[in-house]
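This report describes pockets in a predicted model and the residues that line them.

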Amino acid sequence: MISICVADNQPVVMQGINCFFKDHSEISINDTLFNLNDIDRSLKANNATILIIDIELEGLHSINSLKKIIQENPFTRILIYTCASEKLFGVTSLKAGAAGFISKNEPLPNLEKAILTVAEGRTMFSEFVHKSILSSARMHNDQQMYRKLSSREKEVLSYLINGKKNNEISELLNLNEKTISTYKLRLLNKLGVTNLIDLVNKAKALEIV
């Protein structure tokens with residue numbers, strides 16, 4: 001049996017969840033809470049499999065509070081169930097360690113599906129959140145690559161971004177034009193692009209310009 005603890009500000013939400021899961025064959029609601037202060041006591045007393053929590057719960061003022069609950073209760077999975085926007089809080093909730101995020105606008109069978117999914121050890125986030133995480137990881141990797149560029153490579157990149165030709169850069173830096181071509185090739189390889197347009201676009205994405 002999947003043991004559930006529900007922490008929510010709204011009695012009508014509690015009532016709806018309790019009624020829906022009252023005779024469920026796999027899910028049991030063991031406790032209902034109305035503020036952050038009661039969560040630690042309840043989780044330790046009930047050994048809940050999953051904590052369903054509203055990110056706007058009374059006393060939950062920051063994502064750090066959520067992270068603290070997760071760190072102190074490693075055997076309880078956290079499922080966010082809220083009216084708050086997933087676009088605003090989904091990524092930070094996932095990074096904090098939450099196992100899922102579902103809107104209260106969804107029908108209760110979708111909450112049931114989320115509970116069963118999370119109980120199996122999987123996560124329940126929208127495609128938007130997963131894409132945002134991947135995008136953030138790529139950006140971090142790109143920034144790491146940029147930091148590995150030499151001072152001269154960064155200098156050449158800056159001139160390329162500003163539309164300078166190889167011969168113009170060679171004059172400005174007092175270097176052989178062939179040397180500038182070599183630097184340009186290195187930049188393409190290090191930043192993982194194949195042409196000057198993509199190089200400039202990646203530089204803009206990295207906020208180099």
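The largest pocket holds about 180 Å³ of space. A pocket here is an open set of points, on a 1 Å grid over the protein atoms alone, where a 1.4 Å probe fits, with protein on both sides within 12 Å along at least five of seven lines; lining residues have an atom within 4 Å of a point. Points are joined across faces, edges and corners, and the volume is the space filled by probe spheres set on them.

The model is predicted: local features need pLDDT of at least 70 and side-chain atom pairs count only at pLDDT 80 or more, while totals for chains, interfaces and linings use all residues. Residues are numbered from 1 along each chain as its sequence is written, and side-chain values use heavy atoms, without hydrogens and water.

Residues lining the largest pocket include Phe101, Ile102, Ser103, Asn110 and Lys113. Strand S5 (100-103) and helix H5 (108-119) are the elements that give two or more residues to this lining, and S5 gives the most, with three. Helices (H or I, at least four residues) and strands (E, at least two) are DSSP runs, numbered from the N terminus.

The second largest pocket has a lining that includes Leu36, Asp40, Lys68 and Glu72. Helix H2 (39-46) and helix H3 (63-72) each supply at least two of its residues; H3 gives the most, with four.

| Pocket | Volume | Lining by class |
|---|---|---|
| Largest | about 180 Å³ | five nonpolar, four polar, three charged residues |

Definitions and conventions
Nonpolar A, V, L, I, M, F, W, Y, C, P; charged D, E, K, R; others polar.
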